[in-house]
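Subject: Structure handover and findings

Dear colleague,

Please find the structure below, handed over for your reference. My findings follow it.

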Amino acid sequence: MARKTRTQQEAPAPVTPEEQKARMEHMAAFFREQAAHVDPLPQGGYRSVEAVIDKDLAAEKLAEVVLADTLVILTDVPKVYLGYGTRGQTALDRVTLAEARGYLRDGHFGQGSMAPKVEACAQFLEYGGDEA
């Protein structure tokens, strides 16, 4: 679902109520998918149950909905590192989307820490964001 970047298009027209509704439905579908413990009710709607939604992936989805150019994810370390916490840790200043995907595939980032952040950035760039 690639989109033109703002540098390639004129200023966007105001969002119509129909477009806003479609964006909100897209966002709601994402949250239902992320919250695997949401139970559909026979009469329609959903029953609220406890669930965990990844904040980094949620931020990425929100950035898509508002057509953001840049995604910024804050963390308590100064950079993304390969080999974090080891003697050989290496800071990554800038990486390409292909490099980020390779590092993710090779398991360089902790699943409960940096991996979701890098994944969110990769998804944002694949969607058409300018930088993350």
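This is a predicted model: local features need pLDDT of at least 70, side-chain atom pairs count only at pLDDT 80 or more; totals for chains, interfaces and linings use all residues.

Residues are numbered from 1 along each chain as its sequence is written, and side-chain values use heavy atoms, with hydrogens and water left out.

Overall layout

The protein chain contains four helices and four strands, where helices (H or I, at least four residues) and strands (E, at least two) are DSSP runs numbered from the N terminus. Read from the N terminus on, the order of elements is α-β-β-α-β-β-α-α. Of its 132 residues, 27% count as buried; buried means under 20% relative accessible area, exposed over 50% and partly exposed in between, with a 1.4 Å probe and protein chains only. Among contacts (heavy atoms within 4.5 Å) with a separation of 6 or more, 54% join residues 24 or more positions apart.

Helices H2 and H4

The axes of H2 (residues 55-65) and H4 (residues 114-127) come within 8 Å and cross at roughly 15 degrees. Axes here are lines fitted to C-alpha atoms, for helices over the stretch in contact, and angles run from 0 to 180 degrees between N-to-C directions. The two helices are therefore roughly parallel to each other, a class that takes angles under 35 degrees, against over 145 for roughly antiparallel, 65 to 115 for roughly perpendicular and oblique for the rest. On the H2 side the contact is made by Lys-55, Asp-56, Leu-57, Glu-60, Ala-63 and Glu-64, and on the H4 side by Pro-116, Lys-117, Glu-119, Ala-120, Gln-123, Phe-124 and Tyr-127. By class, this contact has six nonpolar, one polar and six charged residues. For this count, Ala, Val, Leu, Ile, Met, Phe, Trp, Tyr, Cys and Pro are nonpolar, Asp, Glu, Lys and Arg are charged, and the others, Gly among them, are polar.

Lys-117 of H4 counts as buried at 11% relative accessibility. Beyond four places in sequence, Lys-117 touches Lys-55, Asp-56, Ile-73, Leu-74 and Thr-75. Glu-64 of H2 is likewise buried, with a relative accessible area of 7%, and its contacts outside four places in sequence are His-26 and Tyr-127.

Nonpolar cores

A nonpolar core is a set of buried Ala, Val, Leu, Ile, Met, Phe, Trp, Tyr and Cys residues joined through side-chain atoms within 4.5 Å. The largest one has nine residues, namely Val-77, Leu-82, Leu-92, Ala-100, Leu-104, Phe-109, Met-114, Ala-115 and Val-118. Helix H3 (97-105) and H4 each supply at least two residues of this core, and H4 gives the most, with three. A second, separate core of five residues includes Ala-63, Ala-68, Leu-71 and Cys-121.

Helix H3 and its surroundings

Ala-100, Gly-102 and Leu-104 are buried in H3, and the buried residues of this helix pack against H4. After H3 comes Gly-107, with a positive phi near 75 degrees.

Glu-126, in H4, counts as partly exposed at 43% relative accessibility. Glu-126 touches Leu-97 and Arg-101, leaving out residues up to four places away in sequence. The C-alpha atoms of Glu-126 and Leu-97 are separated by 8.1 Å, with the two residues 29 apart along the chain.

Yours sincerely
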